[in-house]
Amino acid sequence: MRAAFPDFRLGNVLATSFTGTLSERHGNAVERIPTPQRLVDWLAASGLAVDSCTTAQLDLARELRESIHAAATAAAIQDALPASAVQVINDCSAQGRAAAILTPEGKRQWRLNSASCVEDALSVIAADAISVIAGERDGKLALCASLTCRAAFFDTSQSRSRKWCDMNTCGNRQKKARFNANQRKNPRSAE
């Protein structure tokens with residue numbers, strides 16, 4: 001029987017969804033790609049299916065993930081991008097063989113060929129990170145307001161004032177904590 005793994009938290013932005021494969025970075029960290037097969041599963045769920053993954057490729061993927069997180073965090077707080085993170089992102093972007101295709105709905109989609117490997121999929125993620133961090137998209141990078149999370153996310157809300165990386169997790173957790181704190185202060189208000 002396969003061990004149960006935490007669910008993937010897939011968003012609309014590939015690069016920041018990828019950084020979300022490690023959540024609660026400042027609390028009890030949750031690793032969502034603990035095994036090579038789990039990375040294969042995440043890539044497939046993200047439209048970047050590959051046949052297999054080695055431990056070395058998983059290590060490369062995690063290095064890219066942490067580099068994207070470091071660069072996105074720096075960009076969100078308008079700090080200098082870490083040179084080592086930029087180097088990893090650029091190296092991963094340059095080594096891939098994926099092709100951008102146009103869907104019938106007018107959207108860009110990435111296509112890997114049958115001989116594609118994890119590095120090709122990682123190049124797509126790195127290219128996505130470059131476009132987000134470089135400010136080429138309509139939106140802004142922000143950091144989750146949860147002190148245990150602090151995930152970088154891409155805010156495309158109209159006001160660009162989103163606070164949480166995911167309302168269903170961090171946002172609800174914070175609202176619940178605030179509600180419980182208010183209940184402890186005012187126990188009679190629940191009656």
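Buried means under 20% relative accessible area, exposed over 50%, and partly exposed in between (1.4 Å probe, protein chains only). Both F18 and W42 are buried. The model is predicted: local features need pLDDT of at least 70 and side-chain atom pairs count only at pLDDT 80 or more, while totals for chains, interfaces and linings use all residues. Residues are numbered from 1 along each chain as its sequence is written, and side-chain values use heavy atoms, leaving out hydrogens and water.

The structure holds one aromatic pair. Rings of Phe, Tyr and Trp (its six-membered ring) pair if their centres lie within 6.5 Å; planes under 30 degrees apart count as stacked, over 60 as edge-to-face and the rest as tilted. The rings of F18 and W42 have centres 5.1 Å apart and planes at 50°, so this pair is tilted. F18 lies in helix α1 and W42 in helix α2, so the pair ties together parts 24 residues apart in sequence. Helices (H or I, at least four residues) and strands (E, at least two) are DSSP runs, numbered from the N terminus.

S17 is also placed in helix α1 and is buried, at 6% relative accessible area. Contact means heavy atoms within 4.5 Å. Contacts are listed below, not counting residues up to four places away in sequence.

| Residue | Touches |
|---|---|
| S17 | R9, L10, G11, N12, W42 |
| L64 | F18, V88, I89, C92, L122, I125, A126 |

A nonpolar core is a set of buried Ala, Val, Leu, Ile, Met, Phe, Trp, Tyr and Cys residues joined through side-chain atoms within 4.5 Å. The largest one has 36 residues, and F18 and L64 are among those with the most contacts inside it. Helix α5 (118–133) is one of the elements that supply at least two residues of this core; α5 gives the most, with nine residues.
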